[in-house]
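Biologist: Before we discuss the classifications, may I see the model and its sequence?

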Amino acid sequence: MGRISIKGVLIGAITDTFSSMFVGILVGILEGIISHLARIPREVFHKFGLLDLALVLNGLAFSSLGGYIAALLARHDELLNGFLSSFLCVILSVFFMASGIDHHPLLVQLLLLIAAPTFAVLGGYLRLRQKEGSIWR
């Protein structure tokens, strides 16, 4: 347990999950406004996957940020703490998959389930490299 920073993991998880939800909601609102003002049917955004792409990139970016914050606060075992910061995102994803709320194909759901911890580890790795002073060399 000494390798895990509970504070870092929890703050990283909250940053990841709630920030991506907040921005996701803003993207949805922006989609509605653009659709209304430009008189573009909302189906256009879904048909070409633009909304899905924006939401996936949003989620992965915030998973990286959550992993970075967890590693920053932990000050040790950056990769482990970065990885663990994705726990809330993974739990919610499994819940959405099991309850049928997520309507994406199963393969896409599984890939996103793997991608969240991977990007969280990437955030921890970036913090580790920064700590070592070799990120920009």
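Biologist: In which helix does Gly12 lie?

Modeller: Gly12 belongs to helix H1. Please bear in mind that this is a predicted model.

Biologist: Why is Gly12 called buried?

Modeller: The relative accessible area of Gly12 is 0%, and buried means under 20%; therefore Gly12 counts as buried. Leaving aside neighbours within four places in sequence, Gly12 is in contact with Gly66, Ile69, Ala70 and Ser85. Gly12 and Phe83 are 71 residues apart in sequence, with their C-alpha atoms 9.7 Å apart in space.

Biologist: Why does Ser35 count as buried?

Modeller: Ser35, which also lies in helix H1, has a relative accessibility of 10%. The cut-off is under 20%, so Ser35 is classed as buried. Beyond four places in sequence, its contacts are Ile40, Pro41, Arg42 and Phe45.

Biologist: What do the buried residues of H1 pack against?

Modeller: They pack against helices H2 (42-47), H3 (50-74), H4 (78-84) and H5 (87-99). Among the buried residues of H1 are Gly8, Val9, Ala13, Ser20, Gly24 and Glu31.

Biologist: What span is expected of H1, and what does the helix reach?

Modeller: H1 has 32 residues, and 46 Å is expected at 1.5 Å a residue. From its first C-alpha to its last, H1 reaches 46 Å, close to that expectation. H1 is followed by Arg39, which has a positive phi, near 55°.

Biologist: Which residues make the nonpolar surface patch?

Modeller: Ile6, Leu10, Ile14, Phe18, Met21, Phe87 and Ile91 make this patch of about 640 Å². H1 and H5 are the elements that give two or more residues to the patch, and H1 gives the most, with five.

Biologist: Why is Phe87 called partly exposed?

Modeller: Phe87, in helix H5, has a relative accessible area of 33%. Buried means under 20% and exposed means over 50%; the value for Phe87 falls in between, so Phe87 is partly exposed.

Conventions. Residues numbered from 1 in each chain as written. Predicted model: local features only at pLDDT ≥ 70, side-chain atom pairs only at ≥ 80, totals over all residues. Heavy atoms only, no water. Helix = DSSP H or I, 4+ residues; strand = E, 2+ residues; numbered from the N terminus. Expected span 1.5 Å × (residues − 1). Buried < 20%, exposed > 50% of the residue type's maximum accessible area, 1.4 Å probe, protein only. Contact = heavy atoms within 4.5 Å. Patch = residues over 30% accessible without salt bridge, like charges linked within 9 Å, V, L, I, M, F, W, Y side chains within 5 Å. Areas by Shrake-Rupley, 256 points an atom, 1.4 Å probe, with all protein chains shown as cover. Salt bridge = Lys/Arg side-chain N within 4 Å of Asp/Glu carboxyl O.
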